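Hi,

Here is the model I promised to pass on. Have a look, and my notes follow below.

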Amino acid sequence: MNKSVWVILILLVLLVGGGWLIFNKDDSSGAKATGPIEIGFIGPLTGDAASLGAPSKAAVEVAVDEVNAAGGVGGRQLHVTYEDGQCNAQAATNAASKLINQGGVVAIIGGLCSTETAAFGPMAMQANIPVISYGSSAPSLSQMGALFSRDYPSDAGQGTFGAEYMYNALGARKVAVIYHISDYGTGIKNVFIERFKELGGEIVAEEGAEQTATDYRTQLTKIKAAKPDYIYSPLYPAGATAMFKQAKEMNIATKFLGGDALSDTKLQADVKSLGLNIMFTQIKSDIPAEFNSKIAAKTGGTQVPVYSATAYDVVYLLSNALKTADSGQALGTAIRATNYDGVSGHIQFDQNGDVAGSGYTVYKFENGSATLVE
Amino acid sequence: MELAVQIGLNAVIAGAIYALVALGFNLIYSTARFFDVGYGALAVVGGYTMLYVYKTLELPFALAIVLAVTFAGALGWVIERFVYRPLRSQKASPTVLLVASIGVLTVVQATVAILFTSEFKTLSRDVGATRVFEIFGGVITEVQVIILFVALAIMSTLGLVLKYTLFGKAIRAIADDEEVARIVGIPSRRLIGIVFFIGSAIGAVAGIAVGFDTGLQPTVGLALLLGGVIAAIIGGVGNIWGGVAGAFLLAIIENVGVWTFSGEWKSTVAFAVLILVLLFKPRGLFEK
């Protein structure tokens with residue numbers, strides 16, 4: 001008897017409490033029109049590309065503070081919820097579902113890794129929430145849909161540029177490829193190989209590894225035996241650290257050309273002592289020095305990856321779009337209509353939500369950081 | 001020739017690490033009689049404790065190893081004492097223990113990720129300074145040579161201890177039949193605790209080896225565990241030497257697989273072999 005009384009009491013409390021919560025929530029959503037505009041952010045705050053994600057988050061924070069200090073959008077402040085996509089599909093999907101279902105966001109800034117964006121993108125599209133990526137470059141993302149845009153150019157261009165640079169500027173004829181099996185690695189590798197063969201070059205080895213792999217020895221053994229002029233290595237930073245270390249241990253003296261993910265400053269510092277010859281391609285951008293020092297002051301670091309600039313610009317182009325549309329399809333259309341000069345360059349989207357980009361440049365690892373080659 | 005030598009060396013190194021994992025796993029499995037997934041997490045704990053005491057606190061190498069291995073062993077003992085033992089004394093089925101051990105894996109892995117972030121870390125203090133030896137055109141690093149010898153030493157010691165000491169005989173008795181062992185006066189509970197300590201400590205050595213050889217991430221435990229478990233199953237679960245043989249066999253198959261096909265097929269080849277072995281030899285190649 002006593003027990004059932006307690007059970008009923010607890011149920012009552014839960015019912016009343018729950019009812020109050022729901023009622024209360026209704027109240028707050030009514031007040032939302034004047035409250036802050038909720039925006040989500042997804043990026044690799046931990047995991048394989050954390051050292052690229054953290055400065056991007058810092059750049060978004062800086063931009064949001066600036067927009068809010070200048071009065072916000074139509075009198076409303078921007079409020080960003082930051083979620084960790086960990087550069088993997090599962091975490092990015094969880095992050096997005098939290099933002100969409102609990103956060104009530106009108107748009108998502110992110111992700112950085114193509115793996116993240118490819119995973120949570122369709123879910124956001126279904127929920128009618130525009131997504132603007134500041135770093136995902138997989139060519140396949142161009143087919144995401146009308147609500148997707150990115151101010152970071154597709155790798156269709158980067159792979160082609162890499163192949164042409166290899167063949168023409170570096171004079172490589174026999175190239176080995178080691179890549180991560182992911183939206184990023186596989187995407188850029190396919191474009192590279194196609195263009196390199198078209199130019200008349202030969203691919204002497206093509207070795208993939210899972211993004212989480214830490215043992216690249218067998219792949220490197222095969223690559224070493226194939227005696228390439230150059231090794232093309234579109235890898236994410238964590239795997240690249242292990243791969244470079246093992247390449248050094250196996251006495252591989254061949255030079256490397258990687259993709260933009262190698263712009264990771266932690267990676268550059270970690271492999272400094274190996275003394276390998278490593279270069280990577282990156283989008284060309286004249287990012288103002290004052291912007292970089294602003295972000296560096298926020299992160300406490302010295303180097304600012306290019307994703308900080310693109311992430312910073314996303315906040316501004318999103319707040320411009322929010323001036324004309326609140327959410328959903330209208331906001332997507334307003335974003336696509338962007339015509340804006342940001343710190344990363346001129347931003348205008350084509351029918352796939354891609355930016356033309358201003359071409360690519362090549363950097364070289366030197367003394368724990370990277371210097372411009374040309 | 002060069003290629004074959006290098007592939008062989010790669011296989012031997014990978015095999016040594018799998019063998020260590022398989023050793024600890026087998027030891028725990030044959031006494032406690034359940035599939036301990038949490039064991040993978042203890043390898044990670046070993047690696048990360050080493051990271052903390054060796055790289056952060058900068059203690060001397062030998063002391064750091066002892067601390068890391070002891071800590072992981074002690075944690076293994078504590079987990080057995082406060083999670084698995086209460087479950088076993090309530091006559092929980094091996095499935096319940098398996099599920100509990102998945103819980104242990106998740107909790108430990110998440111804790112490590114919170115404490116150390118999930119970024120990739122390597123244990124070497126100076127990455128470029130490793131000495132490299134050349135053997136018939138293939139290369140092997142100093143670290144890998146050490147790993148190989150440590151693994152062989154642990155294997156032989158464990159083999160000898162199990163065969164010739166009173167402790168070893170008691171463990172084998174528990175493995176055969178815990179109830180009978182207890183009736184004849186073997187303190188099985190206390191011994192199972194010790195087995196968890198030793199097994200976890202061996203796992204920790206594997207975790208530390210991986211940390212020096214390639215690098216650590218909190219999630220590396222499950223991959224390590226899978227390698228060790230496949231090795232143990234191929235070799236015959238519960239058979240210490242079978243597990244070691246299975247480990248080297250698995251490593252050779254993986255590496256030759258990557259050589260013949262290409263890198264992305266590594267785990268596909270490994271698991272295909274596992275399925276084949278199970279189909280034709282359900283109790284492993286070297287039945288107990």
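**Salt bridges and the chain contact**

The side chains of A:Arg150 and A:Asp354 form a salt bridge, 2.7 Å from N to O (a salt bridge being a Lys or Arg side-chain nitrogen within 4 Å of an Asp or Glu carboxyl oxygen). A:Arg150 sits in strand β5 (residues 148-150) of chain A and A:Asp354 in the loop between β12 (345-348) and β13 (360-366), so the pair ties together parts 204 residues apart in sequence. Strands are DSSP E runs of at least two residues and helices H or I runs of at least four, numbered from the N terminus. A:Arg150 is buried at 0% relative accessible area, and A:Asp354 is buried too, at 7% (buried is under 20%, exposed over 50%, partly exposed in between, with a 1.4 Å probe and protein chains only).

Before you read on: this is a predicted model, where local features need pLDDT of at least 70 and side-chain atom pairs pLDDT 80 or more, while totals for chains, interfaces and linings use all residues. Residues are numbered from 1 along each chain as written, chains are lettered from A and ligands numbered from 1 in the order written, and side-chain values use heavy atoms, without hydrogens or water.

Now the interface. Chain B puts in 33 residues and chain A 32, with contact meaning heavy atoms within 4.5 Å. One salt bridge crosses between the chains: A:Arg217 meets B:Asp213 at 2.3 Å, N to O. A:Arg217 also pairs with A:Asp215, at 3.5 Å between the closest N and O atoms.

Cheers
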